[in-house]
Amino acid sequence: MLYQAYQAHTDIMVPVRAWAGMAIQAFGPMNGLSAPVVKNLTATYELIARAGLTHVRPPYGITSVLVGNEEVAVHEEQAHVTPFGTLLHFRKDVTTAQPRVLLVAPLSGHFATLLRDTVRVLLPEHDVHITDWANARDVGIWHGRFGFDEYVEHLIWFLRSMGPGAHVVAVCQPCVQALAAAALMAEDDHPCQPLSLTLMAGPIDTRVNPTKVNELATGQPISWFERNLIARVPLRYPGATRRVYPGFLQLTAFMSMNAERHMKAQIDLYQAMAKGEHAEAATIKAFYDEYFAVLDMTAEFYLETVQWVFQDHRLAKGRLDWRDRRVHPKAIRRTALFTIEGERDDICAIGQTVAAHDLCTSLRPYRKKHYMQAGVGHYGVFSGRRWASQIYPLVRNTILANE
């Protein structure tokens, strides 16, 4: 009844949030009422109106980028579509061919738009595709399962769709699946195996410097996760009765890890709106608009990820199978490997991603590179100022060196 209870609470809040929205219009500064008490009321009403989650992917909102000295339009095109995910191509009208990049987004309770800044920074100099994962509650049960194996299979399909000569940049959770896909394609001598593989802040071996996230994943047997965290999608949605790990639970878990920081952010938002500091308020709103857009994961994907990656450490121990076939990272010989970690990452700690180098034993030293970015946490590895100014140039150089 977990999902039903959440849905009932959401339904109750709909008229409350609607009332707060109307109050903003009635008492807001737009109507000429600018007294401090009115500004405080308006700020309060807006917090109430925003107090809810959305379950629809936000827009990427990237309509153009500067290529050289020219502003070029960006068009989103669906290059390959399955019920569970889309290979989304950010097509640009440019005459010069650019390195093709598959940006592999995590499937961990948020939409792929969480990597909007990653896409925006890559776009001027690369032909970017992204794994745009679907919300499991919108996928009918007749489409079958989507677990760890299917995720890896989708990456192989997407690379095949892009054709030979692509590069892979994987962020966070799917670094394991991206490394597995590259290993399988290398063993098959697949013509579309990636030229380079960049793994950013991913849990290749979570036995190294375990974080609070790792401890939560190993604190209970997998049966506990299945019994307490898996729910069925309510009948009103296309994925009715599908077993899922609800996105609102994942968001709750992440927020509880940094509860004081998130509470402070809401206080800062209230104060910024009450003082009329619109730029600061807009920045906080933009972050939480994205953060509060959640998607559900299929139960099988969530449970297999928890057990195979965080509890059993199958890839790190050389025991990972894909469709009853053992995955051998040592099969990778031609795909260059670049790993990136953040000094203050409290989700994937230092040492967990660089562990990929110990698995890829057939790669020559000049095809391996590692970088640790000082002063950044998990999200700072792939978004923000240091990603754009310090990390991205290294990613770009890795791609260019292996074109």
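At 6% relative accessibility, Asp345 counts as buried; buried means under 20% relative accessible area, exposed over 50%, and partly exposed in between (1.4 Å probe, protein chains only). The model is predicted: local features need pLDDT of at least 70, side-chain atom pairs count only at pLDDT 80 or more, and totals for chains, interfaces and linings use all residues. Residues are numbered from 1 along each chain as its sequence is written, and side-chain values use heavy atoms, with hydrogens and water left out.

**The whole chain**

- The chain has 403 residues, and 53% of them count as buried.
- Its secondary structure comes to 13 helices and 14 strands. Helices (H or I, at least four residues) and strands (E, at least two) are DSSP runs, numbered from the N terminus.
- Take the contacts with a separation of 6 or more: residues 24 or more positions apart account for 77% of them. Contact means heavy atoms within 4.5 Å.

**Asp345 and His378**

- Asp345 sits in the loop between strand 13 (336-342) and helix 12 (356-359).
- His378 sits in the loop between strand 14 and helix 13. His378 is buried, at 5% relative accessibility.
- The side chains of His378 and Asp345 are joined by a polar contact of 2.9 Å. A polar contact is a pair of N or O atoms within 3.5 Å; within protein, one must be able to donate a hydrogen and the other to accept it, and residues adjacent in sequence count only if both atoms are side-chain atoms.
- A polar atom of the Asp345 side chain also lies 2.9 Å from the backbone nitrogen of Cys348.
- Beyond four places in sequence, Asp345 touches Ala201, Val376, Gly377 and His378.
- His378 and Met200 are 178 residues apart along the chain, yet their C-alpha atoms are separated by 9.3 Å.

**Cysteines**

- How many disulfides does a search of the whole structure find? It finds 0. A disulfide is a pair of cysteine sulfur atoms within 2.5 Å.
- Cys172 is in no disulfide, and its nearest cysteine sulfur, that of Cys348, is 4.6 Å away. Cys172 is buried, at 12% relative accessibility.
- Cys175 is buried, with a relative accessible area of 0%.

**Helix 13**

- Helix 13 (residues 385-401) has 17 residues. From first C-alpha to last it reaches 24 Å, close to the 24 Å expected at 1.5 Å a residue. The expected span is 1.5 Å times one less than the number of residues.
- A kink of about 45 degrees lies at Ile391, shortly before Pro393. The bend at a residue is the angle between axes fitted to the seven residues ending there and the seven starting there.
- Its buried residues include Trp387, Ile391, Tyr392 and Pro393.
- The buried residues of helix 13 pack against several elements, including strand 4 (100-104), helix 3 (116-122) and strand 14 (368-373).

**Aromatic rings**

- The whole structure holds 14 aromatic pairs. Rings of Phe, Tyr and Trp (its six-membered ring) pair if their centres lie within 6.5 Å; planes under 30 degrees apart count as stacked, over 60 as edge-to-face and the rest as tilted.
- Tyr379 and Phe382 form an edge-to-face pair, 5.7 Å centre to centre, with 65 degrees between the planes.
- Tyr379 is partly exposed at 26%, whereas Phe382 is buried at 3%.
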